[in-house]
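Dear colleague,

Please find below the structure that I am handing over to you. My notes on what was found in it follow directly after.

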Amino acid sequence: MPPLGRVNTVATQVDLNAPASSVVRGVVVQTSKLFPSLFRSLDTNRRLTILDVGAALPETVQFFSRFKCRIHFIDLFSEPVVRELQQVSNPKELHHQFEKLLKLPHGSRLDICLLWDFLCYLDDPALRAFNNVLRPYMHSRTRAHGFGIHHLAIRLENKQYGVMEEDAMSVRLRQTKQLATHPHTQVEMHELLSCFDFERGLLLPDGKLELLLRARDDILEF
Amino acid sequence: MVSTTARMTTPNILKYMEINMFDKRKSSRQGSPQIKESIAMQENPSVAAQAHSPAIKSAVIGLDIEITGDVKASANIKINGHIKGSIVESSHNVEIGESGKVNANISAKIVIVAGLVEGNIAGSEKVLISKTGSVRGNIVAPRVQLEDGALFRGSIEMDPGKVVKPVSPAVSRKAGNSSHAGSSIKDSSIGTGAAPVQDTGSKESGLALKSG
């Protein structure tokens, strides 16, 4: 059995109550118990910086329009480097590719990273490269939200996500071909995504693990 | 660098285009404005409806028109053709129709995109990307709205508490290379040799073209 280390402290719970969901104009609205924690600690007196690695969706823009903010929409799911991970085996090349994709303005520090299920589609070298490229854009209060899967048997549906409300996300079918999934245990993910600590985890009825992440202690104060 | 910027009004825009299309000297120096067909200036109810004043008219850049250069207007602009340049600027509204394509930055009060834009958009009131719209660039506006189906890649900077006064093209030209309007707008004013233009606020539409 692998050593659990700090990961053992992650408050992973089984969500016994299935998330309430409703369908509005073809969009499934799914409540999230972790979302409120993501937005609770925001300093809204200054301009917020948000990274969404998914497609720009109307509800996400509408939600953040109440804040003074800058949202970077970089649909990494559609990028060739992510769609053809097998063809890029060199870690340096992977780093270079992610660096090109995540080229945020100089001095940008992210308050929120919306990772959705992107991490599930990255193999180990890609996850490490993504982590290393993201790290310079983080500050000590950066938080992230995402999903993980720890087993290949868990079927990941080809969905895209948006922010509907402080406690709800939108779920839509993704039109593009689904990518190959790369499950990671929490221990593996903790090692590979080393700029984050796992604050909370919630096991959803479909087998996905909903994750709330916060910047590790060694990330510099903003 | 000699500028070809000129204030266009409804009666003389065709004359302007004729002059530029056949001025080979100018073309060889600056790259000719590739105006393939005529530009029609007409009232456009859909854009006009967006304007605060019913007196503001609209300039329509038609489906088969391709312009290489900058476009500045004191009227609403609807773009159904293709513009390649550094700036499309209006002190009122800019609408890119479904067939419209803009490879330039856009600055206006309200910007509505139903076509394709590759460039940054600054809206002093609002930017709307409709269901057929596609934007690759950065948006700065107090309010931004995406419709279902809209494609966007870039960053969106919003500030619900801030309403920026629109940059008047006329003022921009008068100010020469002043830095108030950002680098892209500043660049578009370089070498402007046209006489200062008064924004009269009259009902007559104004459109200025500058070769790229």
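**The surroundings of A:Leu220**

Apart from residues within four places in sequence, A:Leu220 makes contact with A:His139 and A:Ser140. Please bear in mind throughout that this is a predicted model. A:Leu220 belongs to the segment that follows β11 (209-215) of chain A. A:Met138 lies 82 residues away from A:Leu220 in sequence, yet their C-alpha atoms are 8.0 Å apart in space. Is A:Leu220 buried or exposed? A:Leu220 is exposed, because 10 other C-beta atoms lie within 10 Å, and a residue counts as exposed at 12 or fewer.

**The two chains**

Chain A is built with six helices and eleven strands, while chain B has five helices and 15 strands. Of the 222 residues in chain A, 36% are buried; for the 212 residues in chain B, the figure is 49%.

**Helices of chain A**

Helix α4 of chain A spans residues 91-101, and A:Leu94, A:Gln97 and A:Phe98 are buried there. These three residues cover an arc of only 95° around the axis, so they sit on the same side of α4(A). In general, an α-helix has 3.6 residues a turn, so residues three or four places apart point the same way. A:Lys92 and A:Lys100 are exposed on the other side of α4(A). The buried residues of α4(A) are covered by elements that include α3 (80-83) and α5 (124-134) of chain A.

Helix α5 of chain A also holds A:Asn132. A:Asn132 is partly exposed, because its 16 other C-beta atoms within 10 Å fall between the limits of 12 or fewer for exposed and 20 or more for buried. Between the C-alpha atoms of A:Asn132 and A:Leu193 there are 8.3 Å, although these residues are 61 residues apart along the chain.

**Where the chains meet**

Which numbers of residues does the contact take from chain A and from chain B? Chain A gives 13 residues and chain B gives 16 residues. On the side of chain A that touches chain B, α2 (58-64) and β5 (69-73) each supply at least two residues. The most comes from β5(A), with five residues. Sorted by class, this side of chain A has seven nonpolar, two polar and four charged residues.

β5(A) is also paired across the two chains: five bridges join it to strand β14 of chain B, residues 151-158, and the two strands run antiparallel. Within this pairing, A:Ile71 stands opposite B:Ile156 of β14(B).

**The nonpolar core**

The largest nonpolar core has 98 residues. Those with the most contacts inside this core are A:Phe118, B:Ile77, B:Val88, B:Ile106 and B:Val111. Strand β8 of chain B, residues 101-113, gives the most to the core, with eight residues. What does B:Ile106 touch, not counting residues up to four places away in sequence? The residues touched by B:Ile106 are B:Val88, B:Val94, B:Val111, B:Val117, B:Gly119 and B:Ile121.

With kind regards

Methods
Residues numbered from 1 in each chain as written. Chains lettered and ligands numbered in written order. Predicted model: local features only at pLDDT ≥ 70, side-chain atom pairs only at ≥ 80, totals over all residues. Core = buried A, V, L, I, M, F, W, Y, C linked by C-beta atoms within 7 Å. Helix = DSSP H or I, 4+ residues; strand = E, 2+ residues; numbered from the N terminus. Contact = placed C-beta atoms within 7 Å. Nonpolar A, V, L, I, M, F, W, Y, C, P; charged D, E, K, R; others polar. Pairing = 2+ DSSP bridges. Arc of directions from axis to C-beta.
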